[in-house]
Amino acid sequence: MNILKCIESLRRNIKALRNVLIVYLVVLVIFDVVIHIGAHGHYFVDNIPAFWTMFGIIGCFLLIKVGKGIAHQFLSKDEDFYG
Amino acid sequence: MDSWIHPALFFFIGSLLIPFVKGKARTFLILLIPVLSIIDVAVMTEGVYGTFSFLGTTIVLGRVDKLSLIFAWVFTIMAFLGALYALHVKEDGHHAAGSFYIGSSLGAIFAGDYLTLFIFWEIMAFSSVFLIWYRKEKKSIDAGYRYLLVHVFGGLCFFAGMMLYAYKTGGFAFERIGQTGAGLPEYLILAGFALNAAVIPLHAWLPDAYPESTVEGAVLMCAFTTKTAVYVLARGFPGFEVLAILGTAMTVYGVFYAVIENDMRRVLAYHIISQVGYMVAGVGIGTELALNGACAHAFAHILYKALLFMGAGAVLYMTGTAKLSKLGGLYKYMPLTMIFYVIGAISISGFPLFSGFVSKSMIVASAHEEGRLVLMSLMNLAGIGTFLSVGLKVTYFAFFSKEAPIQAKEPPKNMLWAMGLTSALCFIIGVYPDALYALLPFSVEYRPYTLPHISEMLQILSFTGLVFFLLVKKLAPEDKMNLDMDIFYRYGGRAFMWIDVHIISVIDSYWGELYKVLGLKAIFKNAQLSYSFDRKIIDGVVDGSALGVRGIGGVVKKLQTGKIQTYMGLAILFFVLIVWYIIRDM
């Protein structure tokens with residue numbers, strides 16, 4: 001099946017795929033800096049270039065760390081906890 | 001004008017017919033019901049229909065305006081997709097319960113008064129519980145009872161509020177309620193609605209029950225209950241500050257649990273709380289843009305959430321488990337299912353060209369417009385969690401990560417078709433949002449495809465992806481369950497049973513003893529006194545009447561045969577008499 005072949009070939013070339021994605025991320029940040037030139041939004045979040053890049057990185061990091069932390073400390077129980 | 005047909009009728013009549021047809025005719029009927037209802041909604045014109053007077057109040061069965069129509073559109077379309085997905089289900093009762101459930105949710109959104117709304121509201125709870133019970137496992141049966149009890153509690157809040165409200169205002173009309181002047185009646189109604197919308201802390205029923213329902217039932221349930229609640233909130237309570245705050249809290253709370261959960265369908269169920277949070281927050285912000293956003297998001301959400309539940313359901317149906325810790329490598333065996341699931345996941349995450357991008361952003365933009373940057377940032381944080389949990393975590397651990405521990409095949413054709421059609425709709429709404437915007441209740445100019453917005457979303461989502469792959473080991477699913485608010489009523493129920501067994505029944509039996517020892521003696525004494533009083537004084541005064549009473553007593557004695565059928569017959573006769581008496585008075 002064609003879909004399957006596509007996925008398999010992507011998995012074989014995982015390093016190339018990774019490089020392409022890194023280039024994509026860099027381009028994304030440059031793009032955001034460019035569209036901020038000369039633009040003025042209402043609020044401070046609108047005026048910081050690449051604000052949402054930072055937001056994405058920090059937010060995702062916190063969600064994973066805090067989420068898993070609280071789960072391990074308090075919330076996680078065995079599956080038959082309620083019997 | 002009487003040319004209006006209530007779309008719920010197709011579902012109610014259809015559900016009664018399903019057991020009587022077999023084979024191809026049955027398939028045809030199951031698909032015909034929603035098709036007829038879609039046509040019905042398409043030809044409907046705005047107005048008020050089905051109005052009549054009952055016990056001195058005005059009943060409105062059909063309030064058709066832009067707000068109810070957009071929900072009717074998506075409900076009937078979803079009914080078709082859900083029916084297509086469930087075609088292989090053999091149990092007639094499953095289809096009938098589903099039809100009843102959808103019909104009553106349509107009844108609720110067209111209701112113009114609280115009485116009608118309440119009745120359909122309750123039918124929804126009592127018909128949808130069968131979609132849980134049809135899973136026929138002990139866990140599902142337990143979860144179904146809890147689901148029912150919680151919804152009965154919510155219904156009682158709603159009922160109490162409704163009665164107090166009617167007492168306060170003198171009528172049952174279901175209209176917009178202002179925040180100033182709202183007291184106990186209004187907030188009780190709000191609590192009843194909020195429970196169905198899974199507003200925290202009244203949310204635990206949802207992730208408790210939906211993952212235990214049938215594969216096909218979950219697809220329906222994720223669409224109708226919470227979105228009917230969003231509709232009634234948008235109708236009755238726009239601009240309530242408490243909703244803006246709780247809604248935003250829901251968005252983060254839902255993704256937080258979605259990040260740590262193991263069961264695929266429980267991840268999605270927690271995620272409903274998060275997504276409905278956006279809508280509730282939109283209702284709470286209450287501007288025209290925000291309300292439009294809540295409606296648009298409800299529309300888009302029903303489709304992609306159903307698509308995600310279809311994908312997760314297909315995995316459960318074919319492999320027998322939805323636990324991420326037991327799955328992996330399924331892309332080899334279920335590539336189509338994977339692609340459809342991923343389309344649902346990128347729609348819900350809000351990637352450009354898919355439906356979440358054009359709907360969720362309206363609510364975020366309305367928070368931005370009102371200068372509520374904290375709400376806006378929290379919603380965007382929830383957006384990160386959405387892509388992280390539903391998009392990346394589930395896709396990676398179910399379809400990739402390790403070699404497949406369980407081998408499987410693609411699901412039946414009808415399931416694939418339902419997923420394919422729903423995927424197409426998610427994409428169409430994403431590239432042609434004006435089709436959706438034309439249905440919105442207010443005419444507000446909103447353009448989703450601007451450079452800053454595209455840049456904002458792509459940055460948030462892409463860098464979430466980056467962090468996910470850096471920390472992927474931290475997210476490895478574990479065979480655990482997570483505590484939530486349901487602990488209070490699970491333990492509360494046990495505490496109640498303990499009190500019942502150890503205290504109330506003990507008191508009851510002591511009371512019985514006490515009664516036997518003291519009470520009977522007292523009664524005998526009392527009886528002796530009154531007997532002599534009766535005999536000596538009353539009989540002396542009204543001699544004739546005693547004879548007459550004895551005669552009637554003889555007739556009553558004949559009725560008291562002790563046979564259950566006699567009592568039932570009498571009860572029915574009595575009931576008919578009361579009904580006849582009420583109808584005669586109308």
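The model on display is predicted.

Begin by selecting chain A. Four helices and one strand make up its secondary structure, and along the sequence they follow the pattern α-α-α-α-β. With the whole chain in view, the C-alpha trace spans about 60 × 45 × 20 Å along its principal axes. The radius of gyration of chain A is 21 Å, whereas a compact globule of 83 residues would have one near 12 Å. Of these 83 residues, 12% count as buried.

Next, display the contact between the two chains, in which 32 residues of chain A meet 36 residues of chain B. On the chain B side, the elements giving two or more residues are α10 (241-260), α13 (335-349), α15 (373-399), α18 (451-470) and β3 (481-482). Select α18(B) in particular: with 13 residues, this helix supplies the largest share of that side. Colouring the chain B side by residue class will show 22 nonpolar, seven polar and seven charged residues.

Now move to β3(B) and to strand β1 (residues 76-77) of chain A. The two strands pair in the antiparallel sense over two bridges. At S76(A), the bridge partner in β3(B) is N482(B).

Finally, centre on L117(B), in helix α5 (residues 114-133) of chain B. L117(B) counts as buried because 26 C-beta neighbours lie inside 10 Å. Leaving aside residues up to four places away in sequence, its contacts are A108(B), A111(B), F174(B) and V232(B).

Key: Residues are numbered from 1 along each chain as its sequence is written. Chains are lettered from A and ligands numbered from 1 in the order in which they are written. This is a predicted model: local features need pLDDT of at least 70, side-chain atom pairs count only at pLDDT 80 or more; totals for chains, interfaces and linings use all residues. A residue is buried if 20 or more other C-beta atoms lie within 10 Å of its own, exposed if 12 or fewer, and partly exposed in between; C-beta atoms are placed from the backbone. Two residues are in contact if their C-beta atoms, placed from the backbone, lie within 7 Å. The radius of gyration is taken over C-alpha atoms; the globule rule is 2.2 Å times the number of residues to the power 0.38. Ala, Val, Leu, Ile, Met, Phe, Trp, Tyr, Cys and Pro count as nonpolar, Asp, Glu, Lys and Arg as charged, and the others, Gly among them, as polar. Two strands pair if DSSP finds at least two bridges between them.
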